Amino acid sequence: MEPYIASKRARVVSDEQADPALWCGSNVIIVANELLDAFPVHRIVSRGGRLLEWGVAWDAGGFIPCLMELSSPRLSDWVEEQGISLLDNQTIEVNLDAADWIAEVGSSLGNAIVVLIDYGDEAGELSAPYRMEGTLLCYYKHRAHDNPYLMPGEQDLTSHVNFTHIRQAAVRAGWHELWYGTQKKFLVESGVLEKLSTHTIADPFHPVVRRNRSIRQLLLSDGMSELFKVQILAKSES
């Protein structure tokens with residue numbers, strides 16, 4: 001990024017400088033790579049036919065989980081709207097803030113395209129019977145575990161993006177879908193295989209070898225290219 005900034009081809013602006021009026025008259029492309037999963041989520045659970053929300057309590061010098069009433073009526077409205085029927089003791093995450101963001105960002109734009117790249121799936125998959133604990137995971141020093149109450153502030157918390165939820169919020173806000181699929185399918189359809197080069201170079205650090213290796217890793221590494229999805233949405237002033 002620094003060379004682009006130095007050559008004045010790019011610039012970094014604060015929230016205050018990012019006046020919506022600057023963008024309404026422009027053609028804008030937004031690339032949001034692993035942005036949506038950074039928004040906080042609500043974790044709701046079915047208990048005895050009721051929807052409750054997982055909260056956090058303090059006990060004996062540490063954080064512990066607790067159950068509470070839903071913090072927003074939008075949570076139960078969303079579950080009903082989706083026709084989701086959770087099993088008893090099944091948990092699912094609901095990302096209201098990410099859905100609000102995709103709806104609100106369009107209000108400051110005219111002709112625009114947004115490219116969302118994140119790991120996630122459709123609502124039906126994320127609420128499937130085998131997902132009893134939801135998808136929340138914690139990462140500390142590149143190691144994953146499922147206890148969000150350990151090391152507060154020192155670990156990353158994340159959950160799968162519900163692309164059904166995001167898409168519906170976007171459409172209601174005036175966006176329309178251009179493309180949706182796995183990262184692997186997106187890269188292949190975009191011609192990434194044409195960037196592979198046949199060679200006899202033995203040096204593993206040669207640029208051609210490194211590029212081939214990077215492409216293979218993007219497409220094949222641990223199935224992540226199937227887990228990651230690409231959602232492309234567009235809107236216009238008219």
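A residue is called buried when its relative accessible area is under 20%, exposed when it is over 50%, and partly exposed in between, using a 1.4 Å probe and protein chains only. By that definition, Pro-73 and Glu-80 of helix H3 are exposed, and buried residues make up 37% of the 238 residues in the chain. The structure is a predicted model, in which local features need pLDDT of at least 70 and side-chain atom pairs count only at pLDDT 80 or more, while totals for chains, interfaces and linings use all residues. Residues are numbered from 1 along each chain as its sequence is written, and side-chain values use heavy atoms, with hydrogens and water left out.

**Overall architecture**

- The chain has 9 helices and 12 strands; helices (H or I, at least four residues) and strands (E, at least two) are DSSP runs numbered from the N terminus.
- Along the principal axes, the C-alpha atoms of the chain fill a box of roughly 60 × 50 × 35 Å.
- Among contacts between residues at least 6 apart in sequence, 71% join residues at least 24 apart; contact here means heavy atoms within 4.5 Å.

**Helix H3 and its packing against H6**

- Helix H3 spans residues 73-82 and helix H6 spans residues 163-172; the two pack at an angle of about 95 degrees, with their axes 12 Å apart.
- H3 is therefore roughly perpendicular to H6, a term for angles of 65 to 115 degrees, whereas angles under 35 count as roughly parallel, over 145 as roughly antiparallel and the rest as oblique.
- Axes are lines fitted to C-alpha atoms, for helices over the stretch in contact, and angles run from 0 to 180 degrees between N-to-C directions.
- From H3, Trp-78, Glu-81 and Gln-82 meet Thr-164, His-165, Gln-168 and Arg-172 of H6.
- The residues of this contact divide into 1 nonpolar, 4 polar and 2 charged; Ala, Val, Leu, Ile, Met, Phe, Trp, Tyr, Cys and Pro count as nonpolar, Asp, Glu, Lys and Arg as charged, and the others, Gly among them, as polar.
- Within H3, the residues Leu-75, Trp-78, Val-79 and Gln-82 are buried.
- These four lie on the same side of H3, because they cover an arc of only 95 degrees around the axis, the arc being that of the directions from the helix axis to the C-beta atoms.
- Pro-73 and Glu-80, which are exposed, lie on the other side of H3.

**The four-stranded sheet**

- An open sheet is formed by 4 strands in the order S4-S3-S2-S5, with antiparallel pairing; two strands pair if DSSP finds at least two bridges between them.
- Strand S4 (62-68) and strand S5 (91-94) are at the edges with a single partner strand each, so one side of each has no neighbour in the sheet.
- From one strand to the next, the twist averages 40 degrees.
- Strand S2 (residues 42-47) and strand S3 (residues 50-59) run antiparallel and are joined by 4 bridges; Ile-44 has Glu-53 in S3 as its bridge partner.

**Strands S7, S8 and S9**

- Strand S7 (residues 137-140) pairs with strand S9 (residues 156-158) in the antiparallel sense over 3 bridges, and Tyr-139 stands opposite Asp-156 in S9.
- S7 also pairs with strand S8 (residues 143-145), again in the antiparallel sense and over 3 bridges; here Tyr-140 stands opposite Arg-143 in S8.
- The hairpin of S7 and S8 has 2 residues between the strands, and Lys-141 in the turn has a positive phi of about 50 degrees.

**Trp-175**

- Trp-175 is placed in the loop between H6 and strand S11 (176-182).
- Trp-175 counts as buried because its relative accessibility is 2%.
- Ala-103 is 72 residues from Trp-175 in sequence, yet the two are 8.3 Å apart in space, C-alpha to C-alpha.
- Leaving aside neighbours within four places in sequence, the contacts of Trp-175 include Ile-102, Val-105, Leu-109, Ala-170 and Leu-233.

**Loop residues with positive phi**

- Most residues other than glycine have a negative phi.
- Glu-34, in the loop between strand S1 (27-33) and S2, has a positive phi near 55 degrees.
- Glu-34 counts as partly exposed because its relative accessibility is 38%.
- Ala-60, in the loop between S3 and S4, has a positive phi near 50 degrees.
- Ala-60 counts as exposed because its relative accessibility is 81%.
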